[in-house]
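Subject: Structure handover

Hello,

Here is the structure for your files. My notes on it follow below.

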Amino acid sequence: MDKRRDNRLKELIDYIESQGIIVNTNTKARGHLGFFINGRIDISKNTPENRIISTLLHEFAHYIHSKLETGIAKTGGTLNVLFNKKEDCKEIFEELVDVTHFVDENSLHKKLSYHKEQIKNKIKELDNEIKKEYPDFQRSKNFKKLEKLIKKTDAKYLLKYDMVKIRGWLFQKPKIITIDTLETDFPELKPSIIAFIRLKSYQKKQTRISQRINKIERYYKKPTELFARFVEGVYIDEEIIKHLAPITYKRFNELLNDDYYKELKILLEKTKNKL
């Protein structure tokens, strides 16, 4: 970090610490770029240089939120409190989601969505393969015709696991069977049965990916995270934020000027002449 940027960061940290908050800049931050808990802000030592100040603002926004609303670490807080509104905050929520996508592209979970689409296409292919022999097959329901045939072989274990080690009897060596070597491990199985076993495997993968995507979206759509990334966005590119979230930006500045967000106003002012 160059000297000017280092001085700017020191000035911000000094101000935050003057509020009684401990700031650590050489931690793992629990696997995040930054982390706020119980009056302490941790900034990961692995945070890219150009993200340190925005991350510091993000975590300070959590601190400000914690002063407005208790228990945000568990509940995620509410937009009504954050923007001091009694009425519905639907428009603000939608704008904040757009801002989040601008600030942090990980919120778009592009890789997971790509893999989910690939799996979806593979499931369709396998479904068509099965229907060549069993036109009445429906992948959303149990299909006993095939399940009965599979349960007569060791391939039944692959309906639950993608790789299984089967113990040998007496002097036989144990063997490993996998979803990838079905044709070799079970040459007697028909293509429709092979396709059915693989389809079940892909369906499990699809479920796991969907669960991960849902978990990511729940995290990014917590009011406290939406607010913190909005504050980041104001620092990163205020003009873009005005464009993406005009209603939110207007309300935020009204409250900021009324000292609703307390020390956040001073900290943002200290970043106005950012490098």
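Helices (H or I, at least four residues) and strands (E, at least two) are DSSP runs, numbered from the N terminus. This is a predicted model, so local features need pLDDT of at least 70 and side-chain atom pairs count only at pLDDT 80 or more, while totals for chains, interfaces and linings use all residues. Residues are numbered from 1 along each chain as its sequence is written, and side-chain values use heavy atoms, with hydrogens and water left out.

N38 lies in the loop between β2 (34-37) and β3. Its phi is near 45°, a positive value in a residue other than glycine. N38 counts as exposed because its relative accessibility is 73%.

D259 also calls for a look at phi. The value is positive, about 65°, although D259 is not a glycine. D259 is found in the loop between α12 and α13. Its relative accessibility is 46%, so D259 counts as partly exposed.

E263 is found in that loop between α12 and α13 too. Is E263 buried or exposed? E263 is buried, because its relative accessible area is 15%. E263 and I179 are 84 residues apart in sequence. In space they are 57 Å apart, C-alpha to C-alpha.

The core

A nonpolar core here is a set of buried Ala, Val, Leu, Ile, Met, Phe, Trp, Tyr and Cys residues joined through side-chain atoms within 4.5 Å. The largest one has 44 residues. Which residues have the most contacts inside it? They are F83, F252 and L264. The elements that give two or more residues to this core are α1 (3-17), β3 (40-44), α2 (52-68), α4 (79-82), α5 (90-103), α10 (223-236), α12 (246-257) and α13 (264-271). α2 gives the most, with 8 residues.

Salt bridges

A salt bridge is a side-chain nitrogen of Lys or Arg within 4 Å of a carboxyl oxygen of Asp or Glu. How many salt bridges does the structure hold? It holds 20. Here are some of them.

- K85 pairs with E87, and the closest N and O atoms are 3.0 Å apart. E87 is partly exposed, because its relative accessible area is 47%.
- K242 pairs with E239, with the closest N and O atoms 3.2 Å apart. Both lie in helix α11 (residues 238-244), 3 residues apart, about one turn of the helix. K242 has a relative accessible area of 33%, so K242 is partly exposed. E239 has a relative accessibility of 54%, so E239 counts as exposed.
- R251 and E254 meet through their side chains at 3.2 Å, N to O. Both lie in helix α12, 3 residues apart, about one turn of the helix. E254 is partly exposed, because its relative accessible area is 31%.
- Salt bridges that share partners also join R8, E11 and K270 into one network.

Charged patches

Patches are made of residues with over 30% relative accessible area and no salt bridge: like charges are joined within 9 Å, and nonpolar side chains (Val, Leu, Ile, Met, Phe, Trp, Tyr) within 5 Å. Accessible areas come from the Shrake-Rupley method with a 1.4 Å probe; for residues, only the protein chains shown count as cover. Lys and Arg count as positive and Asp and Glu as negative; His and the chain ends are not counted. The place of a charge is NZ of Lys, CZ of Arg, CG of Asp or CD of Glu.

The positive patch on the surface gathers K144, K148, K151 and K152. K144 lies in helix α7 (residues 144-150). K144 counts as exposed because its relative accessibility is 60%.

D88, E91, E94 and D98 form a negative surface patch. E94 is found in helix α5. Its relative accessible area is 42%, so E94 is partly exposed.

H101 has its place in helix α5. H101 is partly exposed, because its relative accessible area is 30%. H101 and R229 are 128 residues apart in sequence. In space they are 9.3 Å apart, C-alpha to C-alpha.

Best regards

Key:
Buried means under 20% relative accessible area, exposed over 50%, partly exposed in between (1.4 Å probe, protein chains only).
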